[in-house]
Amino acid sequence: MRPAPLGDTASRFDSSTPLARELADITRRRARIQGTSLPRPAATRIFTVANQKGGVGKTTSTVNLAAAMAKSGMRVLAIDLDPQGNASTALGVEHRSDTVSVYDVIIGDAPMDDVVQVSPEFPTLSCIPATIHLAGAEIELVSLVAREQRLRTALKAYLETIEDPFDYVFIDCPPSLGLLTINAFVAATEVLIPIQCEYYALEGLSQLLRNIDLIEKHLNPHLAVSTILLTMFDARTNLANQVAADVREHFPQQVLSSVIPRSVRVSEAPSYGQSVITYDPNSPGSLSYLEAAAEIARRGAA
């Protein structure tokens, strides 16, 4: 019997198997992303990526959104404010204990220009690294003058002196509501909250929102929760779909349409000192972050 023509076989395969449908969907999404250009913001948009609950994808989202924006032609600065330094690792910048870091900016009044490193990810992506010294910064900040405004003062001075301005600044916070996170809130104009699509997703969120409201009233009147990103989404489970529906119901204006799926490639990328955007650009996780970045850019231009 003569074998079926290749085109016929591919057609039947595409219409009858979940894997082929997924591949076709990825191909369509990749083509759509490649065919669009992102609008540049009129002024630098400064995001603090925060959630006091650990393991929800703060650092992963900071790194990959920054890389996605840079890949799209934006000039991006990522500030690692977490003593663990995971964002610095993922962006491939030096952050040994003797590296001049964000600690020296906040505690030692070092100019940001001396601390910024260009990430090997993209030439338009820069990073201010964190080192282990940042672990003691919470205690050291207590006795300093204008302790809540140290990061804002340094960032404002830096942005005013550079010739080629950044389009986006993303600040990665530790999983707490201490003085480092408060510094991040005071320095930013927008808050991006990653929410894990699991049972405890909304637990503690009300406390976070109350703290943001207090900071807006007393320290930074320009601060607003502009973006909520659903992470670790598994469409196969009823729980993930229910959590997503609940979050969208409570925050219809802030939640992005794009969701970040559970992805092995997203988890693997930092071990190679990369974002998933460069580690596996055609993976579902990479495409999802590119779509989320595009949505953030379009919302800001609206």
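Q: Where is Val264 found in this predicted model?
A: Val264 is found in helix α11, residues 264–268.

Q: Why is Val264 called exposed?
A: Its relative accessible area is 58%. Exposed means over 50%, so Val264 is exposed.

Q: How many residues separate Val264 and Gly285 in sequence, and how far apart are they in space?
A: They are 21 residues apart in sequence. From C-alpha to C-alpha the distance is 8.7 Å.

Q: How do you know that the span of helix α9 agrees with what 14 residues should give?
A: At 1.5 Å a residue, α9 (residues 205–218) should span 20 Å. Its end C-alpha atoms are 20 Å apart, so the two agree.

Q: Which residues of α9 are buried, and what makes them line one face?
A: Leu205, Leu208, Ile212 and Ile215 are buried. Down the axis of α9 the buried residues fall within an arc of 85°, so they line one face of the helix. They pack against α8 (179–187), β6 (190–196) and β7 (224–233). On the other side of α9, Arg210, Lys217 and His218 are exposed.

Q: What is the strand order of the open sheet, and why do β3 and β8 stand at the edges?
A: The 8 strands run β3-β4-β2-β5-β1-β6-β7-β8, with mixed pairing. β3 (117–118) and β8 (255–261) each have a single partner strand, so one side of each is left without a neighbour in the sheet.

Q: What makes β1 and β6 a pair?
A: Pairing needs at least two bridges. Strand β1 (residues 45–49) and β6 have 3 bridges, in the parallel sense. Phe47 stands opposite Glu190 in β6.

Q: Which strands does helix α10 touch?
A: Helix α10 (residues 238–250) packs on the sheet, touching β6, β7 and β8. Its direction makes about 175° with that of β7.

How values were computed:
Residues are numbered from 1 along each chain as its sequence is written. This is a predicted model: local features need pLDDT of at least 70, side-chain atom pairs count only at pLDDT 80 or more; totals for chains, interfaces and linings use all residues. Side-chain values use heavy atoms; hydrogens and water are left out. Helices (H or I, at least four residues) and strands (E, at least two) are DSSP runs, numbered from the N terminus. Buried means under 20% relative accessible area, exposed over 50%, partly exposed in between (1.4 Å probe, protein chains only). The expected span of a helix is 1.5 Å times one less than its number of residues. The arc is that of the directions from the helix axis to the C-beta atoms. Contact means heavy atoms within 4.5 Å. Axes are lines fitted to C-alpha atoms, for helices over the stretch in contact, and angles run from 0 to 180 degrees between N-to-C directions.
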